[in-house]
Amino acid sequence: MESLSLYELNALVRRSLEQCLPDECWVQAELSDVRTNSTGHCYLEFVQKDPRSNSLIAKARGTIWANVFRLLKPYFEEATGQAFVAGIKVLVQVTVSFHELYGYSLTVQDIDPTYTLGDMARRRREILKQLEEEGVLTLNKELDMPRLPQRIAVISSPTAAGYGDFCHQLENNSRGFYFYTELFPALMQGDRVEESVLSALDRVNARLSEFDVVVIIRGGGATSDLSGFDTYLLAAACAQFPLPVITGIGHERDDTVLDSVAHTRVKTPTAAAEFLIESMDSAADELEMLASRLHEGVRNLLQQEQRRLSGYKNRIPSAAYHRISDAKMALLTVRKDVVQAVTSSLFRHRHRLELLQQRLADASPEKLLARGYSITLKDGKVVKNADELQENDMITTRLQNGEVVSIVHI
């Protein structure tokens, strides 16, 4: 029986594939691994999963050579706003090769970003649909924006240019409104965006009474890092957050899922600051309008009452008006006489009280003791008669300075 070596068999497979397959073909797959080396080549693993069980049903190795990868990666990320990383679905143009030693692999020649965009949009729609079915999609949007949103919890990277722009815009507003901001640091790019922002939200939630709104700002980062804001957990947390959430993530493309559930979405951190300043402007303008209306109302009321009083005055006969004037003068005169009489009476009673006070002072025990008199006490009671004393009674004689204790001998 004729046999083949393994090399011969693999060579036969290679030739068969080359003969029966087209030079290039488009393949839909999910990236399960993306690695680059120092030479700039990118090594991939493509997979396909069963849509029901999510188990793997196909797998293949892939390569993007450095000269292609230098062009393909920025093109894809700019078009999709999605980093070229594992976990995304792609439509790639590949050539199929089979090497006697390394086996079957795909070499990527081109990529269609619209396929990935469609998949990303589908995933966003699925997340939003799930939130809607759970009844939480619009909860944050339904919160009332505080009339004076001055206490602001900011979730951002402390080194982000957008954070500095946001603070500068608030501090230099034209009407001099005061804003208190506190930064809750978080990663705004990379594969830890979801985890980091959720942690920051938890820290804000622990101090809810100290803030009016939450602002999540990014700005200055690559659009390819926006996928971190398209996750179910982050969207669900923001949708159900008890304070209004304002997002200014800094991008022009379609809203992320986070933008879709936030109370207010603006494009940039600076625009987020402007929104808060405009809210304060609106409240200040309304306050000024109310103050003006109050002033005008009081002035009109006073004028109305003045006209009414003038009307009453005109109805009073001239003679009666003069009698009222005379009575008013008489009342003023009587008032003056009463004041003088009361003042004089108070002065006399005060003098009498001072005399009584002097007499009481002269009759006080301290005065008597100072003159040489003494007081004899038995059991704390004053002794007025010698008959009150018996043999061996102990008595106390109180002098001006000090006391003397004695024993009675009869």
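Mentor: Helices (H or I, at least four residues) and strands (E, at least two) are DSSP runs, numbered from the N terminus. This is a predicted model, in which local features need pLDDT of at least 70 and side-chain atom pairs count only at pLDDT 80 or more, while totals for chains, interfaces and linings use all residues. Residues are numbered from 1 along each chain as its sequence is written, and side-chain values use heavy atoms, with hydrogens and water left out.

Trainee: Which residue in strand 5 is the bridge partner of Thr63?

Mentor: Strand 3 and strand 5 are the two parallel strands to examine. The partner of Thr63 in strand 5 is Thr107.

Trainee: Is helix 2 parallel or oblique to helix 3?

Mentor: The axes of these two helices are 9 Å apart, and the packing angle is about 40 degrees. Angles under 35 degrees count as roughly parallel, over 145 as roughly antiparallel, 65 to 115 as roughly perpendicular and the rest as oblique. Helix 2 and helix 3 are therefore oblique.

Trainee: How many charged residues has the contact of helix 2 with helix 3?

Mentor: Tyr75, Phe76, Ala79 and Thr80 of helix 2 meet Pro113, Thr116, Leu117 and Met120 of helix 3. Ala, Val, Leu, Ile, Met, Phe, Trp, Tyr, Cys and Pro count as nonpolar, Asp, Glu, Lys and Arg as charged, and the others, Gly among them, as polar. By class, there are six nonpolar and two polar residues, and the number of charged residues is none.

Trainee: Which strands stand at the edges of the open sheet, each with a single partner strand?

Mentor: Five strands form this open sheet in the order 7-6-8-9-10, with parallel pairing. Each edge strand has a single partner, so one side is left without a neighbour in the sheet; the two are strand 7 (180-185) and strand 10 (264-266).

Trainee: Which residue in strand 8 is the bridge partner of Ile152?

Mentor: Strand 6 (residues 151-156) and strand 8 (residues 213-217) run parallel and are joined by four bridges. Helix 5 (residues 193-205) lies across both of these and strand 7, running at about 135 degrees to strand 7. The partner of Ile152 is Val213.

Trainee: How far apart are the axes of helix 4 and helix 8?

Mentor: Helix 4 (residues 161-171) and helix 8 (residues 269-315) pack at an angle of about 25 degrees. The two are therefore roughly parallel to each other. Among the residues in contact are Phe166 and Leu170 of helix 4 and Leu276 and Ile277 of helix 8. The distance between the axes is 8 Å.

Trainee: Which residue takes a positive phi in the hairpin of strand 13 and strand 14?

Mentor: Strand 13 (residues 394-398) pairs in the antiparallel sense with strand 11 (residues 375-378) over three bridges. Strand 13 also runs antiparallel to strand 14 (residues 403-407), with five bridges, including the one that makes Ser406 the partner of Ile395. Four residues lie between the two strands of the hairpin, and the residue with a positive phi, near 100 degrees, is Gly402.

Note on methods: Axes fitted to C-alpha atoms, helices over the stretch in contact; angles between N-to-C directions. Contact = heavy atoms within 4.5 Å. Pairing = 2+ DSSP bridges.
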